[in-house]
Amino acid sequence: MIRRSGVHGGLQLEAHNERSTARPLRRANPPAQLVLPVDQHAGAPARPIVREGERVLHGQPIAEPTGQVSAWLHAPASGRIIAIEPRPAPHRLGAPTLSIVIENDQRDDRAEPSPSIAFEQRSPAELLEQIARGGVVGLGGAAFPLAAKLDSVRAARPLTLLLNGAECEPYITCDEMLMRERAEEIVLGARILLHASAASACAIALEAGSTLADAALRTAIANAHDERLRLVTVPNIYPAGGERQLIAAVFGLEVPYDGLPADIGLLCHNVGTAAAVAQWIRDGQPLTSRIVTVTGDCVREPGNLDVRLGASIRQLIEQCGGYTDRASRLIMGGSLMGLALPDDDLPVIKATNCIIAASHADLQPRDRELPCIRCGACSEACPAMLLPQQLHWFSRLADLQALEAHGLMDCIECGCCDYVCPSQIPLVERFRETKPLLARRRAERADARAARERFEARAARLERIAVEQRAALAHKRRVRRED
Amino acid sequence: MMFPTSAAPHVVGPNRVARVMRLVIYALAPTVLAHIAFFGPGLLVQIALAVATALLAEAAALKARGKPLEPFLKDGSAVVTALLLALCLPPLAPWWLIVSGVAFAILLAKHAYGGLGANPFNPAMAGYAVLLVSFPAQLLQWLPPNAAGLERIELTLPQTLSTIFTGALPAHLTWDAITSPTPLEALRTNLTMGMTMSEAQSSPVFAALGGKGWQWINLAALAGGVWLLRMRIIGWRIPVAMLGTLAACASIMHLLDPGAYVGPLFHLTCGASMLGAFFIATDPVSAATGNQGKLVYAAGIGLLTYVIRTWGGYADGVAFAVLLMNMLAPLIDRYTIPRIYGHAD
C-alpha cells in the first residue's frame, strides 16, 4: 500500500459557484416529452422491456440491465412510449443512440411502491439486490452502476465508505446544493450503503469553504446518532474531487494503478448517489431525476434544478430565464473535463451534473499552439504524477513502448497540463487520441502471451506424455526381463 | 440551437512562452547593469548586435523551414539566446565575433535541429563553445573591471563603437597593455606558474568573495535568478543542485589541500557560475525534465564545471559542462522516470 500526503499538483481555480448557489434548489417543470438513452450509464446498455404504444407509470422499469456492469432504467413520468429508436444523445456528442421516448401525460401516476421495510432489518445481500433494481448509478459524472460497484467490494475487509462531496470541477454546484438542502438524505444513504457493503465507517468529504453544506451535514449526522459517520474537509484544489485524488487527500493512500479503491479497503461514492439510494430504499423512488447545475454567463438565472431524466437541455435553459446572449459553448459537465455539446436539443441523462452556457469570459479560446519547451509546468500540475511533456514527445513519435513506460494509461484526462501549458498544446486531446493505440498494443501482447502459454502448455503436455510412455515401456521391458 | 464544439479542457491558464521569455529577459537586467557598471558600455553594443543577428537569423531560418514568422519571432527565445551569449563575450570583442556566434547558435544549434523546443544543446552555450575553440584569443580580451586598486580604462561610447567595429583601440591604448585576466584566468595562470594559493590570490583582481567586479555580476545574476524562482519560471532543483555540487567539490578539495585548491565562495561568485545556474542550466529545452533527473543533470554540470576549472584546459567550465550534460539529458530522463500515482516505487 502506498502512503503519501495529499494530492500531487493540481490547480487552484476560481470556483465560479456564487451564481448558481444564490437561488435555492427548485424542481424543474415536468417536460412534455422525455428521451431516455438506454446506454446512459457506464458498462453494457440496458435492454428495453416496454413496447412502443405501451403506457408506463412513473417509476416503472422500462429497460433492464444486460451483463455484470449495467443498470435498470425507469420511466421518469407516466405516459405513453411513443418511440424506441436512435435519438441524438449528449454523451455521444449528439450522435444517435437507442433511446426510449415517453410522451408525458402529466398525470404522474406512480407504480405501486414495494412495501418499505427498514433497511437495517435486511441482510446485506438482500439490500444489495434491492439497490440494484433502483437504477442508481454514480452521479458524480462517471455514471458507473452502483450495484456493480457494491458487488466489487464484497470480499474487501475492512472497508471504509467515502462519500465524495468535493465538487470535481469549477462551475458545478449540484453536490453543494444537495448537501445544503438534503443533508438527511445523504446521511440516510450513507447508512444504507454502510449496511449493504458491511463497511465499518464512513467519511463524508467536502471542500474547504463549503460552510453551509458543512453545517447542514453536521446537523444531519448529529440527528442520525450514528457514530460511524464523520466529516472531513479537503483543500480546494482541482481535481481533489476525483476519486483517486480524493482518496489521497483524505486518507493519504493511493489506489493501485491496476486496481480499485476496494483493494485498499475503500468504497467511494458521490453524495448524490447516496441521496439517490436513500430515495429508492426509503420511498421506493428509483433514479428518475437528478440535480443539474445550470450556469454560465449566457444563462439569465443560473441555479440548480431537480430535473427529470430525459428532459431536454433547451427547456432547462428556458426555465432558467433563457439565454442572455449567444453562448460560445454549451458544456455538459465542468470547464475542465466537460463535453462541448453541439446542440441544446439533447436530453438530461444520469451523468448530467452541470450545463454551462458559456461566454468567452467563462471559457477562453486557445492561443496558437507553439512547440513544447519542456518547461515542466505540466508535470508540476499532474495529479497522476506523470510527465506530460515526455508523453507529448513520445506521442508525436508514436513510441508506444516509451508511452507505456511513462504511464500514458495512468492519465486521468483532468486537463491540468493543458491549463498550465505556456505553449497552449492540447495535451489531453492528443493523449486521448494516442491511448487506443496503446490499448491495442496491450491487447496484442496479451494475445501473444496467451498464444505462447497455450503453445508451451501443449509442448509440456506432449513432453509429459512422451516421458510417461517411455517410463511405461521401460517398466514393461524390466518386468519382461525379470520374468 | 447549435453550438460550436471543442475538446476539453475548455479553459486555459494565463502563462505563455512569450511571458516566460520576457520574465527571463527582465531577470537578466541586474546582471546587464552590473556588467556595464564594471566593464563599460561595450555590452550594450554587443547586445544590440546579438539581438539584431538573432532576430534576422531566426527570421531567415523560419522562412527557409516554411514556418510562420510572427509567433516565433515574438516568442522571445531568440532574444534570450542573444542576451546570454552577449553576456559571455568581452565587451570590446569585434563585431563579427558576436554576430557569428549568435548566427551559429540560432541557425545551427537551434533551427538545424527543429527550432524552438527541439534543440538538444543550449544554443547560447553551443555558440559560445564554437567561439571559444575557434577564436580563443579574442575571448581573453577582457578589460580590468572599474574597481579600486585596478587600472581604470574608460572608453567613451564612440571609442567603444570604433573598437568593436574596426578592431582598433583608441591611439593611446594597446591590447597587451589593457587586457586584464579574469579572476578565474588569473588564478589558473598563477597556480600553473607554481605559486601557492595565497601568492596566487595576491593579484589585485581578487576580492573578498571572488574577483573584483565579477563577484557583483554573479550576485546580480543570483538576485535575478531568485526573482525567477519566486515568479515560478524556474524551479529550485537545477540551480541548487548545480551550485551545491560546485560548492561541495570546491569545499572538499579546499579542505584536503587549501594551498592548491581555492574555496567554494570563489567558485560560486566567479565566471559564469550564477548565470549558468539560474539562466543557462535551467533552459528547459536542453535540460533533463523530471524532478530527479534535474538534480542529476545539474549536479553533473556543477561537477564538470569544477573539474574543467580545476584540471581542464579552460579557465571557466560552465559552457562545456552544460553542453556535456545536454548530451546526457535524454539518457538521464530515461533512467529517472518518476513514480506514477498508484504504482510501487
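The model I am reading is predicted.

**Entry: helix H1 of chain B**

I started with H1(B), residues 17–27, and looked up its buried residues: Val17(B), Val20(B), Met21(B), Val24(B) and Ala27(B). They sit on the same side of H1(B), because they cover an arc of only 120° around the axis. I then looked for what covers them, and the list includes helix H5 (77–88), helix H12 (214–230) and helix H15 (273–280) of chain B. The peptide bond joining Ala8(B) to Pro9(B) is cis, with omega about -5°.

**Entry: where the chains touch**

I looked up the contact between the chains: 37 residues of chain B meet 54 residues of chain A. On the chain B side, H1(B) gives the most, with three residues. I sorted the residues of that side by kind and got 21 nonpolar, 11 polar and five charged.

**Entry: Thr269(B)**

I placed Thr269(B) in the loop between helix H14 (264–268) and H15 of chain B. Is Thr269(B) buried or exposed? It counts as buried, because 23 C-beta neighbours lie inside 10 Å and the cut-off is 20 or more. Setting aside residues up to four places away in sequence, I listed its contacts as Leu209(B), Gly210(B), Trp214(B), Gln215(B), Asn218(B) and Leu219(B). I also noted that the C-alpha atoms of Thr269(B) and Gly211(B) are 7.7 Å apart, although 58 residues separate the two along the chain.

**Entry: a sheet in chain A**

I traced an open sheet of four strands in chain A, in the order E11-E10-E9-E12, with parallel pairing. Strand E11 (229–234) and strand E12 (266–270) stand at the edges with a single partner strand each, so one side of each has no neighbour in the sheet. Neighbouring strands are turned against each other by 25° on average, direction ignored. Between E10(A), residues 201–207, and E11(A) I found six bridges. Ala205(A) is opposite Val232(A) in E11(A).

I then looked at the helices lying across these strands. Helix H5 of chain A, residues 183–197, lies across E9, E10, E11 and E12 of chain A, at about 150° to E9(A). Helix H8 of chain A, residues 271–283, lies across E9, E10 and E12 of chain A, at about 80° to E12(A).

**Entry: the nonpolar core**

The largest nonpolar core has 255 residues, and those touching the most other members are Leu162(A), Ile186(A), Ala190(A), Val277(A), Leu316(A) and Leu85(B). H5(B) supplies the largest share of this core, 10 residues. I checked the contacts of Ile186(A) beyond four places in sequence; among them are Leu163(A), Leu178(A), Leu217(A), Val271(A) and Ala274(A).

Most residues other than glycine have a negative phi, and most peptide bonds are trans. I looked for exceptions. The peptide bond from Tyr238(A) to Pro239(A) is cis, with omega near 0°, and Pro239(A) lies in the loop between E11 and helix H7 (243–251) of chain A.

Ala143(A) has a positive phi, near 55°, and is found in the loop between helix H2 (124–132) and helix H3 (146–152) of chain A. Ala143(A) is buried, with 22 other C-beta atoms within 10 Å.

Glu413(A) also has a positive phi, about 60°. Its place is the loop between helix H12 (400–405) and helix H13 (416–420) of chain A. I noted Glu413(A) as partly exposed, because 18 C-beta neighbours lie inside 10 Å.

Definitions and conventions. Residues are numbered from 1 along each chain as its sequence is written. Chains are lettered from A and ligands numbered from 1 in the order in which they are written. This is a predicted model: local features need pLDDT of at least 70, side-chain atom pairs count only at pLDDT 80 or more; totals for chains, interfaces and linings use all residues. A residue is buried if 20 or more other C-beta atoms lie within 10 Å of its own, exposed if 12 or fewer, and partly exposed in between; C-beta atoms are placed from the backbone. Helices (H or I, at least four residues) and strands (E, at least two) are DSSP runs, numbered from the N terminus. The arc is that of the directions from the helix axis to the C-beta atoms. Two residues are in contact if their C-beta atoms, placed from the backbone, lie within 7 Å. Ala, Val, Leu, Ile, Met, Phe, Trp, Tyr, Cys and Pro count as nonpolar, Asp, Glu, Lys and Arg as charged, and the others, Gly among them, as polar. Two strands pair if DSSP finds at least two bridges between them. Axes are lines fitted to C-alpha atoms, for helices over the stretch in contact, and angles run from 0 to 180 degrees between N-to-C directions. A nonpolar core is a set of buried Ala, Val, Leu, Ile, Met, Phe, Trp, Tyr and Cys residues joined through C-beta atoms within 7 Å.
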